[in-house]
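Hello,

Here is the structure I promised to pass on to you. Have a look at it first, and then read on for a short tour of what turned up.

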Amino acid sequence: MDFHILTLIPEILKPYFNESILGRAQKEGGIRIFCHQLRDYAANKHQSVDDRPYGGGAGMVFKPDVVVPAVRDIKAKHGVEHVIYLSPKGAKFNHQKAKELSKYKSILLLCGRYEGIDERVLDLVVDEEISIGDYVITGGELAAQVVVDAVSRFVPQVIGNEEAPKNESFADGFLEHPHYTRPAEYEGLKVPEVLQKGDHKAIGKWRQQQSEEITKERRPDLFRPHVCPVYMALVHHPVVNKNGELVTTSITNFDIHDLCRTSKTYGIEKCFMITPVEAQQGMVRYIKNYWMEGFGATYNETRKEALDEVEVAASIEETCLTIEKNHGSRPLLVATSARPQKKTISFNELQALMRSGKKPVLVLFGTGYGLATEALDQAQYLLEPIKGSGNFNHLPVRAAVAIIMDRLLGR
Ligand SMILES: C[S@@+](CC[C@H](N)C(=O)[O-])C[C@H]1O[C@@H](n2cnc3c(N)ncnc32)[C@H](O)[C@@H]1O
């Protein structure tokens with residue numbers, strides 16, 4: 001991956017980039033870092049890059065007629081795909097953003113100084129603004145170093161161990177567990193016994209617990225209890241109609257959109273639309289494709305993200321096989337029903353099961369008048385029904401899905 005940095009002070013960047021892991025990664029070809037001197041693009045006699053702000057006030061502002069041609073020139077010469085202005089007004093940089101940026105082959109980081117840059121530069125050549133935190137530093141160079149460093153860690157081979165970024169803080173929404181090295185006791189403080197015994201299962205459990213506790217205490221905003229992979233499916237067959245007869249219902253566009261948005265919101269792995277009717281399967285694929293690759297993909301990018309959740313399957317069994325292929329074990333099937341049933345699992349019990357279990361869970365939702373007996377019989381668990389305040393018991397399935405997922409996975 002290539003990083004281009006447009007700055008007034010390239011010299012302060014190089015010492016950091018040329019040492020240690022980033023230095024090695026550059027030598028081995030995993031990343032390339034190019035620092036461009038902004039002043040080289042100042043065509044005026046004094047090579048000045050800034051001027052006084054319109055409207056008065058302290059500080060100087062980078063001139064658009066220097067920065068815009070500079071960015072355009074670097075983009076054209078080096079095939080830059082994405083231009084970022086480092087700015088305290090940008091969206092806050094985080095793990096997810098670093099991972100996202102690592103997918104580009106080449107990015108350009110624009111470093112401001114003084115009061116910042118002329119707003120028209122943003123309008124004309126900048127794709128996004130990124131801030132490294134809620135404070136102001138004197139220039140964008142330090143911010144560029146932070147971004148290059150964090151993004152590089154996601155570039156294969158840069159940190160030598162492909163697993164490392166997956167296990168570190170923020171990777172799965174948790175802060176990392178504590179680390180210890182020798183000696184086993186220092187100033188009266190001992191390394192926890194479990195780490196010294198070599199029982200890897202126990203060590204894994206201890207680390208997970210520590211990680212959860214630390215996250216809950218220090219970053220409640222991040223905390224989401226660890227759960228097994230959760231899938232959901234909207235079943236169109238086998239379901240019953242109002243007379244209790246076995247039927248196949250039709251898929252609706254609303255269901256596809258609303259369920260995949262709920263699915264994405266609650267971190268569900270995939271949202272299956274189950275129907276044996278091939279024309280209906282084709283319709284789901286057509287709609288998904290429209291939002292993933294057709295006009296919809298550019299019209300609404302968040303919808304594209306959500307539609308990526310949708311999968312089609314001909315039956316509950318086919319859904320189970322697909323999940324088994326992903327995780328190496330068959331999912332536990334949890335059926336839902338609005339009708340009171342004899343033996344159900346409560347929301348709390350299912351939550352506990354999802355937290356302790358390694359096996360994936362597939363939650364089944366019925367259309368029409370609900371899942372048919374044969375679908376209910378296939379499931380290992382039947383979830384307790386949602387109870388409203390009165391006797392009316394006909395929640396739309398889209399509402400039921402959202403309520404149930406919020407009770408199971410909401411913060
Ligand atoms: C002194 S700052 C300008 C601050 C600006 N006048 C404001 O109040 O928003 C100069 C430059 O430092 C960089 N910078 C400052 N704080 C930053 C932050 N939190 N994240 C990223 N870049 C920052 C930007 O490139 C900015 O143009």
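**What was found**

Strand β11 (residues 230–235) pairs with strand β14 (residues 271–274) in the parallel sense, over four bridges. Here two strands count as paired if DSSP finds at least two bridges between them, and helices (H or I, at least four residues) and strands (E, at least two) are DSSP runs, numbered from the N terminus. Before going further, please note that this is a predicted model: local features need pLDDT of at least 70 and side-chain atom pairs count only at pLDDT 80 or more, while totals for chains, interfaces and linings use all residues. Residues are numbered from 1 along each chain as its sequence is written, and side-chain values use heavy atoms, with hydrogens and water left out.

Back to β14. Val235 has Ile274 of β14 as its bridge partner, and Leu234 stands opposite Met273 in that strand. β14 also pairs with β15 in the parallel sense, over four bridges; there, Cys271 has Val310 of β15 as its bridge partner. In general, side chains in a regular strand alternate between the two faces of the sheet. Both faces of β14 are covered, with Cys271 and Met273 buried on one side and Phe272 and Ile274 buried on the other. Buried means under 20% relative accessible area, exposed over 50%, and partly exposed in between (1.4 Å probe, protein chains only).

These strands belong to an open sheet of six, in the order β15-β14-β11-β17-β16-β18, with parallel pairing. Its edge strands, each pairing on one side only, are β15 (310–313) and β18 (381–383). Helix α14 (residues 316–327) lies across β11, β14, β15, β16 (332–336) and β17 (361–366), and runs at about 150° to β14. Axes are lines fitted to C-alpha atoms, for helices over the stretch in contact, and angles run from 0 to 180 degrees between N-to-C directions. Contact means heavy atoms within 4.5 Å.

Next, the cores. A nonpolar core is a set of buried Ala, Val, Leu, Ile, Met, Phe, Trp, Tyr and Cys residues joined through side-chain atoms within 4.5 Å. The largest one has 39 residues, of which Met232, Ile256, Met273, Met354, Phe365, Met405 and Leu409 touch the most other members. Helix α17 (residues 397–409) gives the largest share of this core, seven residues. Leaving aside residues up to four places away in sequence, Met354 touches His226, Val227, Cys228, Val230, Val361, Leu408 and Leu409.

There is another open sheet, of five strands, in the order β2-β1-β6-β5-β8 and with parallel pairing. Its edge strands are β2 (32–37) and β8 (128–131), each pairing on one side only. Strand β1 (residues 2–7) pairs with β2 in the parallel sense over six bridges, and Leu6 stands opposite His36 in β2.

Finally, the domains. The chain is divided into domain 1 (2–152), domain 2 (169–226) and domain 3 (230–409), with bounds from an automatic or database domain assignment. Four residues of domain 2 are in contact with five residues of domain 3. About 370 Å² is buried between these two domains, and carbon and sulfur atoms give 31% of that area. Buried area is the accessible area (1.4 Å probe) that two parts lose on being put together, summed over both. Arg224, Pro225 and His226 supply 85% of the area that domain 2 buries against domain 3, more than any other three residues.

Enjoy exploring!
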